Amino acid sequence: MVLVITLRLPYGKTEVSAKVSRQHSVHLLEAKERRPSDGAAEIRRALENPVGSPRLRDLAKGVSRVSIVVNDITRPTSTKAILKGICRELWGAGVPLDGVTAIVATGTHRPATPGEIEDSLGPDLSRRLKVLNHRCSHDDEGEYLGHTARGVPVIVNRALVRSELRILTGVILPHHSAGYSGGRKSVLPGVSGLESIRVHHSLGIRPFWPSPGYLHGNPFHEEAVEAARMCRSDFIVNVVPATYGGVHKAFSGHLEEAHMAGVAVCEPLCRVTCPEMSEIVVVSPGGYPRDLDLYQGVKALCTAEMVVKPGGTVILVAECGEGGGDRTFASWMKECSNPAGVIGRYREEGFRPGANKAFMLARALTRCRVLVVTQAVTRGELETLGLGHADTLQEALNMALADHPECRSLTVIPRTSHIIPQFSNDGEGADPEKKGGEPLLA
């Protein structure tokens, strides 16, 4: 009898599974478990003990106009619990709730729907607060604040700029370009104008390679910090999420100091040692909403790139219930004859909404083959993007094993947004530039 190992990965709001023979070593890369706390109590503790800042209720005394930046659906955050804690502080300072505006930090994403806003903020606060979707392409809704040292024009949502008190909320996890999410990212790209995002997300400021955990010397991070300073971000409330939802730890206070306190907690929990690079890597973004469409799901390939051998195969498990996503993302992949052409076009033309994900996908395709496990995007559509298709994880795994008959080990990452892979002799992480040199652009 052949013994087997069962692989399970998140897929939408469910999971998928497949079996692999025990003749293959399976390297399962998962972050250390972040246990849930009593979210309301933990947020209250953080608000009562701010890092590098007076307490929020002291900052809010005498203030009548407050803006709070909140994440959109693509970044699962305990927004409801955070807002309740913040509003309790504001109420204690005498701030009327009708003077509080919640701004949804959409960046370049679609607006949040009324249902999503109610789910995120809660039925009570979604009705009592004024809620705005940020619209990056509406120039008349932004205010120009100047340029950063590297030349990024800082154009920020006018409702935030003209508030008397500006509060940022977010979640701290590894991020493919910024090192970590949270903190300054609520401003740039969260509530910045399209031209600000275009310059900030283009190569030269955006790192070429996947960069989770990379902060010191990272221009993408440093420019976002400068932009957030320029719009006078007064206070942040960020959480390190529990592994399966909820709050693990919360931090409040100074824009940079509170964020770095959260990073210090997140960092040792998210760094995971990978024994070796693998010819076959199986990844999931972590299920819904991170795999709501292919445009969001391809972010998982950044982590896969760091551990797959050049010429290997990555299996991306992503439900993609809303289909392929952004049209520019698909058109760029279809209009260029090969992945190298997409990268060259991005280098020449720079960022535009959708093109950044085309660049990320093309970069992965210069290194490996990608099979997508989904029943919501057709085989034909995926093939036009340079991707393979499988209806089930088992089908994808069988295809990959047939392509790599000498493969003896697989790497499996169920939640790519939760980890920073590194090798035992590499404290800086598994950087493809170090491991594989320049991308294979042939």
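Colleague: At roughly what angle do the axes of helix H12 (residues 327-335) and helix H13 (residues 339-349) cross?

Modeller: Helices (H or I, at least four residues) and strands (E, at least two) are DSSP runs, numbered from the N terminus. Axes are lines fitted to C-alpha atoms, for helices over the stretch in contact, and angles run from 0 to 180 degrees between N-to-C directions. The axes of H12 and H13 come within 9 Å, and they cross at roughly 120°.

Colleague: What kind of model is this?

Modeller: Residues are numbered from 1 along each chain as its sequence is written, and side-chain values use heavy atoms, with hydrogens and water left out. Local features need pLDDT of at least 70, side-chain atom pairs count only at pLDDT 80 or more, and totals for chains, interfaces and linings use all residues; the model is predicted.

Colleague: Which word describes how H12 and H13 lie to each other?

Modeller: Angles under 35 degrees count as roughly parallel, over 145 as roughly antiparallel, 65 to 115 as roughly perpendicular and the rest as oblique. The axes cross at roughly 120°. H12 and H13 are therefore oblique.

Colleague: How many residues in the contact of H12 with H13 are charged?

Modeller: Contact means heavy atoms within 4.5 Å. Trp332, Met333 and Glu335 in H12 meet Val342, Arg345, Tyr346 and Glu349 in H13. Ala, Val, Leu, Ile, Met, Phe, Trp, Tyr, Cys and Pro count as nonpolar, Asp, Glu, Lys and Arg as charged, and the others, Gly among them, as polar. The contact therefore divides into four nonpolar residues, no polar ones and, as charged residues, three.

Colleague: Which strands are at the edges of the open sheet of six strands?

Modeller: Two strands pair if DSSP finds at least two bridges between them. Here the order is E3-E19-E15-E16-E17-E18, with parallel pairing. Two of these strands pair on one side only, namely E3 (25-28) and E18 (388-390).

Colleague: Which residue of E19 is the bridge partner of valine 283?

Modeller: Strand E15 (residues 278-283) pairs with strand E16 (residues 308-317) over five parallel bridges, and four bridges join E15 to E19, also in parallel. In E16, valine 283 has leucine 316 as its bridge partner. In E19, the partner of valine 283 is isoleucine 413.

Colleague: At about what angle does helix H16 (residues 393-403) run to E17?

Modeller: H16 lies across E15, E16, strand E17 (368-373), E18 and strand E19 (409-413). Its angle to E17 is about 160°.

Colleague: How many residues of H14 are buried?

Modeller: Buried means under 20% relative accessible area, exposed over 50%, partly exposed in between (1.4 Å probe, protein chains only). What covers the buried residues of H14 includes helix H10 (294-297), helix H11 (300-305), H12, H13 and E17. H14 is largely enclosed by the rest of the structure, because its buried residues number 11 of the 11.

Colleague: What is the relative accessible area of cysteine 320?

Modeller: Cysteine 320 is found in the loop between E16 and H12, and has a positive phi of about 55° although it is not a glycine. Leucine 294 touches cysteine 320 and, beyond its neighbours within four places in sequence, also Phe329 and Val372, among others. Cysteine 320 is buried, with a relative accessible area of 0%.

Colleague: How far apart in space are isoleucine 43 and isoleucine 82, C-alpha to C-alpha?

Modeller: Isoleucine 43 has its place in helix H1 (residues 39-48) and is buried, with a relative accessible area of 1%. Its contacts, leaving aside neighbours within four places in sequence, are Ala81, Ile82, Gly85, Val247 and Ala250. Isoleucine 43 and isoleucine 82 are 39 residues apart in sequence, while their C-alpha distance is 6.5 Å.

Colleague: What is omega, about, for the cis peptide bond that joins tyrosine 288 and proline 289?

Modeller: Proline 289 lies in the loop between E15 and H10. Another cis peptide bond joins leucine 188 and proline 189, with omega about 20°. For tyrosine 288 and proline 289, omega is about 0°.
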